[in-house]
Amino acid sequence: MAALAYTLGKREINHYFSVRSAKALALGAVLLLAACHAAFRRYRGDDTCEYLLSSGRFLGEKVWQPHSCMMHKYKNSEAKNCLLDKHIAFIGDSRIRQLFYSFVKLINPQVKEEGNKHGNILFEDKSASIKVDFLWYPEVNGSMKQCIKSWTEGSIGKPHVIVVGAATWSIKIHNGSNEALTQYKINITSIAPLLEKLAESSDVYWVLQDPVYEDMLSDSRKMITNEKIDAYNEAAISILNSSSRNSKAKVKVFSVSKLIAEETIMQSSDGLHLPESSRETSAMILMNVYCNKILKPVDGSCCQPQPPLTLIQKLAFCFFALSIIGYLILSFIYRNNHRKNKPCTDMESGEEKKPVTSTSPVSTLETLLHSFFKLGLIMAYFYLCDRANLFMKENKFYTHSSFFIPIIYILVLGVFYTENTKETKMLNREQTDEWKGWMQLVILIYHISGGSTFLPVYMHVRVLVAAYLFQTGYGHFSYFWIKGDFGLYRVCQVLFRLNFLVVVLCIVMDRPYQFYYFVPLVTVWFMIIYATLAVWPQIVQKKANGNCFWHFGLLLKLISLLACIYFLANSQGVFEKIFSLWPLSTCFELNGNVYEWWFRWKLDRYVVFHGMMFAFIYLALGKHQLLSEGKGEPLFSNKISNVLLFISVVCFLTYSIWASSCKNKTECNELHPSVSVVQILAFILIRNIPGYARSVYSSFFAWFGRISLELFICQYHIWLAADTKGILVLIPGNPMLNIIVSTFIFVCVAHEISQITNDLAQMVVPKDNATLLRRLLCIAGFFSGLLFLAAIQDQSRH
């Protein structure tokens, strides 16, 4: 009864919610969200600097998340590069002095907070010609006005950045009197025009007063209440933003420190001064406000303008626009013809007459344009998500619950959708799709949760990536060994399916090929497998069955491949020279060098070879009928199966214990290429030795496995954000609902792209060799033109 209810439940879900209806719903959601965000931007403005300076929240204890954008964590070298030949001035009281020291430590962490606390403090980094001054003016009075006025008159060099703020001293000295507040307003009114004049050529920030923790204040500071501070802040805001000459508030109000202090002031040592972590956050915000527009860090979307379109992007958008227009026109013509050619009734006989028409050429063209029509709309969504400033972005923040709870959730769903397999062979198609599917889902959760910061999770996910490459070795070796098909059609089909989406994204998103590192990795390994088996003498199963000598010949080939891998892994210079040669360099360089490619290749250098060896051994055992792969039967005899199953479980757990005890990522990465195969083989045996386990699979995981490549690539721009550094925010203020909606759209897009790729593969890569060669010449011409345009772009950028 339970089994019947389970089956009926699945059927009902599938009946009322098909993939087609899901995609229609996703399209509607995208259009609605885009309209809402566009309206919001138009109403509130699209200046993310304003959000950075005025709003945000804490993720955990120390990670500050600005509203709608991402904040970059600047290193000392980056700070020096940004502030080269710059002069920054901090003017104010002891709180501004603290902010000054936190800012200076971003340039030089060795600086100590010492010297005259109630006097000027000067800092200079001669290597980068950076000057940062703190000027002690604890009250907004004539002295502060004279200092600011001297810069406006040009008697001394104007600072590039000016940070001003003061009030608590006025409250303290005048015992919180209303007269002091009135005088404060008068003084700010007289200073405001000077600050506005400086803001025409410098960045000027007025720092609002942070709240205090009244219970901890000393008796001499008891008059400094939050009520008084709010009154002083309101006075500063109203005056600085009310000038007729400054309708757009050229003096930027730094109010975000007030929000930070509200969360952290209870950690203060005296109730007045903020803890160090809060000051560091405020200093990092200042650095982001000034430096993001200069250095343009990928994970610093705050204060960054939308990047201009490149020549290649403009041409791509023109192509997609023409495809969309062409499809609509052709579709209109085709539908009109279809109406005209509708069957009509013969009045004499009463039978329908069906006009004979040839529609196959039109159908092919329509299918081609329809594919590019859909792809054009999808690429527009990609661009809006990760290049335009339409949708919001946020930083990642790892917690154990954000990683493990979704893992448990998808595991339950995977078990719910368990079905019987069509065949019970080891690593059958349904099982490998299932394997790819659950691994891809875990990798997606790992990426969006920021799991790379937790070393045990990082090491286990590294095994999942290695398992993908293991399947690459296993699958392609098995195909070539069994089929013996080394034809050009097979190679082009594989290369097209692997690379089509990435090539389009490289063009539309203006990213290098190596940026999508996994595709270059599997592409190169496919070519290595092909070259190893296709080079003379071609040894395939049919040939080897006639003479055992050929098995030794194949082993010799595999040993040679292993020797080449070992040599390249220990010869970084040779490896880099090979892939730095043109045109390989255009594919494998990232940030001007091939180090990233070297790192990615080296990290899993042996696992493809392990996959090939496993395929060879498995197929040899199957050929000699040493495996029992019937339904419900254990893979070996009961005794051997139990022993192997026990060993596999021990090995699997041993690897997990080792990975969980890792202390250093670099050392563990060095061992990973040699030991990752242990857990992969252990999983395969655990999954396949018991007959009942081999006879079932999760259709839920298998569905995702069939679009795993598209999921891996699409996540870069329409699920994550800022080239995987952050998270896309479609629905602000509700992280859970945002993840649900963005995930739903992301999966629908990935599935549609998979179908588009399959459709185009059939049309672009024909089986006829002569036609295929002509197509390859056209593709070569296309890439030659692309390289030429890329060279022009690089010259114009430099």
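## A tour of the disulfides

The structure holds four disulfides. A disulfide here is a pair of cysteine sulfur atoms within 2.5 Å. This is a predicted model, where local features need pLDDT of at least 70, side-chain atom pairs count only at pLDDT 80 or more, and totals for chains, interfaces and linings use all residues. Residues are numbered from 1 along each chain as its sequence is written, and side-chain values use heavy atoms, with hydrogens and water left out.

**Stop 1: select Cys49 and Cys303.** A disulfide joins them, with 2.0 Å from S to S. Which parts of the chain does the pair link? Cys49 sits in helix α3, residues 48-54. Cys303 lies in the loop between α11 (276-295) and α12 (311-340). These are distant parts of the chain, 254 residues apart. Helices are DSSP runs (H or I, at least four residues), numbered from the N terminus, and strands (E, at least two) are defined likewise.

Are the two cysteines buried or exposed? Both Cys49 and Cys303 are buried. Buried means under 20% relative accessible area, exposed over 50%, and partly exposed in between (1.4 Å probe, protein chains only).

**Stop 2: select Cys82 and Cys291.** This is another disulfide, S to S 2.0 Å. Turn the view to look along the bond. The angle about the S-S bond is -95 degrees, and the link is left-handed. Now color the helices. Cys82 is in helix α4 (residues 76-82), and Cys291 is in helix α11. The pair links distant parts of the chain, 209 residues apart.

Next, show the surface. Cys82 has a relative accessible area of 3%, so it is buried. Cys291 is at 0% relative accessibility, so it also counts as buried.

**Stop 3: select Cys662 and Cys668.** Their sulfur atoms are 2.0 Å apart and form a disulfide. The torsion about this S-S bond is about -125 degrees, so the link is left-handed. Cys662 is buried because its relative accessible area is 9%. Cys668 counts as buried at 6% relative accessibility.

**Stop 4: step back.** What pattern do the disulfides follow? Count the bonded cysteines along the chain: the pattern is 1-6, 2-5, 3-4, 7-8.

Stop 5: Cys587 is in no disulfide. Its nearest cysteine sulfur belongs to Cys506, 8.7 Å away. Cys587 counts as partly exposed because its relative accessibility is 29%.

Cys651 is in no disulfide either. For Cys651, the nearest cysteine sulfur is that of Cys662, 17 Å away. Cys651 has 29% relative accessibility, so it counts as partly exposed.
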